[in-house]
Amino acid sequence: MTPFNLSRFYTSISLKTSILSSFKLSHRRCFSIKRYASTAAISSENSVKNVDPADLLRLQRLRNIGISAHIDSGKTTLTERVLYYTGRIKAIHEVRGKDGEGAKMDSMELERERGITIQSAATYCNWNWKDHGDYNINIIDTPGHVDFTIEVERALRVLDGAVLVLCGVSGVQSQTITVDRQMRRYNVPRISFINKLDRIGANPFNVIEQIRQKLKLTAAAVQIPIGLEDDLKGVIDLIKWKAIYNEGSRGETVIEKEIPDDFINLATLKRQELIENLADVDDQIAEIFLMEETPTSEQLMDAVRRATIANKFTPVLMGSAYKNTGVQRVLDAVCAFLPNPTEVHNTALDISQKEARVDLIPYSKNHFVGLAFKLEEGKYGQLTYIRVYQGALKKGSFITNSRTTKKVKVPRLVRMHSNEMEDVDEVGAGEICAVFGVECSSGDTFTDGALSYTMTSMFVPDPVISLSITPKVKDSPNFSKALNRFQKEDPTFRVAYDLESKETIISGMGELHLDIYVERMKREYNVDCITGKPQVAFRETIMSTAKFDYTHKKQTGGAGQYGKVMGYIEPLKEATDEDEEEPLPAFESRVVGGHIPTNFIPAVEKGFQDGLEKGSLIGHPIKNVRFILEDGAHHAVDSSELAFRLAALYAFREAYMKANPVILEPIMNVSITAPIEFQGTVIGNLNKRKGTILDTEIQDDHFVVTAEVSLNNMFGYSSDLRSATQGKGEFTMEYKTHEPVLPYVQEELINEYKKKKLTEKK
């Protein structure tokens, strides 16, 4: 391979020498910092007494990964091949149950019927990485549909690394961007796998460019395909400089050969691109690059690993899971580039030290700390998935729930393989397992009782759609049983009872999300339900500041009620992931001088929270409002918690109407893909629904349009799109934010609410 020519960067030898010497100086400093960091890591390691070498080796050969992507990118197909090549299953079955079996990880009947993943499924396997030995891999296959985003959220919360699967034709899609955001939220390193290169129109280099432009990631190919579409024969490993072919009926035999002459030039160009991208994020490769030397395969492997674990780089692999091409190399890359549990920085909050952050050291000899991240109702009772962060979990041992301080026994400990389970006696640090017979909630932390630690909770998005639900057979005991179970399993599924309409209201992330639960009630609990028209999850808020000065006074003979509150309400900025500052509290007391006794302040806050539950405009919850209590008065006899709670409630309602209240509606990020001949029709339909077009991208014979549209205007869009594109168009939508409705829409909604109230009174 030809060495890199630096003359394109430097115009004079003296400038070149000057820059090179200064780089070396700064690089030496950088190495000293790195040595210090590694020394600190070693000293931290040494501080853990009696580290078992066998336990350390087990951890170094352990990977906890998730497989995530946009819907229909081939995640479950990839996982099926992974399980087959690692010997966990004896035969490959395809998604949608075409052969009557269905993919192993889609264990639910509904998943096999619809061809989509609804619940994340966990499994584990053993992979023999050539010349490196056996590695244990815990895998969680996650859903790709935005309606089931909580499954991805809680999986990424407990995983150390991820494989981001992208379609070789469609590239970066809407849910890919969502998954990327979730990975960033939990600092999860990822490798990318461009799948479906056997499909017509596949262009992996276009997908890499989309990763760089749309996801803002430093990415480069570590493989290139040998042919595309029907001519896909294998891949070229740019690091080892070998051509890789899969042979055998299921691609189980991996053959390494010399790179074909036809691909030498392309491979040389792409290897150079890989080195240039690595030089931007890794100091050692940068120094080799500036010295006009060519890095060895080992140096490139080490650099890719360092940069990937530091979340500075994502290596891109290629192949086709369906055609059994390139899957074994994905497993090699998981072992080579993704971190083991000792390389991930996990922290907990020490309750006994005012929630001070403490590092968790993932060794089995330490005190046990684990997080319950997923619950399922099985035939043997509640199944709780636990990630063990430090210490070991043993069958028959006692563990303490940090939230409830209850001590419980672990009667049964299992490893999961989709819907099957394997009993084990002990699980070490860094592992993922499941326990039976332990009552808890999703997100609870467990310890061995010696520590009072709690893990930080995961992000749970608010529901965007609601509908009323009524069982066909009244007083069915299974109706409430099913709703309680689903609520416990899924934090984004909410249930409420509307006192005015006397209806049960279920809320979720989308129509499909709620449809699945209604169908599950019918199949799993024999409860047939009638559902009402989907309702948008409107919210209310204020646009300006308003003062309040309210006295609640009631005399009924004997002790009365008295409470006076003064202050103001103001708009509160919504907290986002990008915010570096701590968000302001929604309630703040500035009362001094004992005008309101401190024991009544919580009652004022409760009154404010009561007021947020139902807005005065259309009866929907109020958000993003701050309540500042400045002063007040109390009576020695008549003041009580109830009096101040009511005073705060009525004061808030009074001030609310003076603070320019508005109705907020959910705005959805909509992505539509359709053949190019229907572009005008599709965009016209979006304009009719008052959508804002953000981007239009032409890709060969089809186009992708991204728009922001109100959820209220998206009902029935699926049918419209099918008829407008002869059934060839498809769309996805994801909640983005709540924004104020147009003035005339607000007026219509308020009038509709008033009519409904009048009807109910009659």
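This report describes salt bridges in a predicted model.

## Basis of the model

Residues are numbered from 1 along each chain as its sequence is written, and side-chain values use heavy atoms, with hydrogens and water left out. Because the model is predicted, local features need pLDDT of at least 70 and side-chain atom pairs count only at pLDDT 80 or more, whereas totals for chains, interfaces and linings use all residues.

A salt bridge is defined as a side-chain nitrogen of Lys or Arg within 4 Å of a carboxyl oxygen of Asp or Glu. The count by this rule is 33 salt bridges.

Arg 58 is partly exposed at 22% relative accessibility, while Asp 55 is buried at 9%. Buried means under 20% relative accessible area, exposed over 50%, and partly exposed in between (1.4 Å probe, protein chains only).

Arg 58 also forms a salt bridge with Glu 431 (3.4 Å, N to O). Glu 431 lies in the loop between strand E21 (426-427) and strand E22 (432-436), so its pairing with Arg 58 in helix H2 ties together parts 373 residues apart in sequence. Glu 431 is buried, at 6% relative accessibility.

Glu 588 and Arg 590 form a salt bridge at 3.1 Å, N to O. Glu 588 is partly exposed at 23% relative accessible area, as is Arg 590 at 36%. Elsewhere, salt bridges with shared partners join Asp 55, Arg 58, Arg 415 and Glu 431 into one network.

Key: Helix = DSSP H or I, 4+ residues; strand = E, 2+ residues; numbered from the N terminus.
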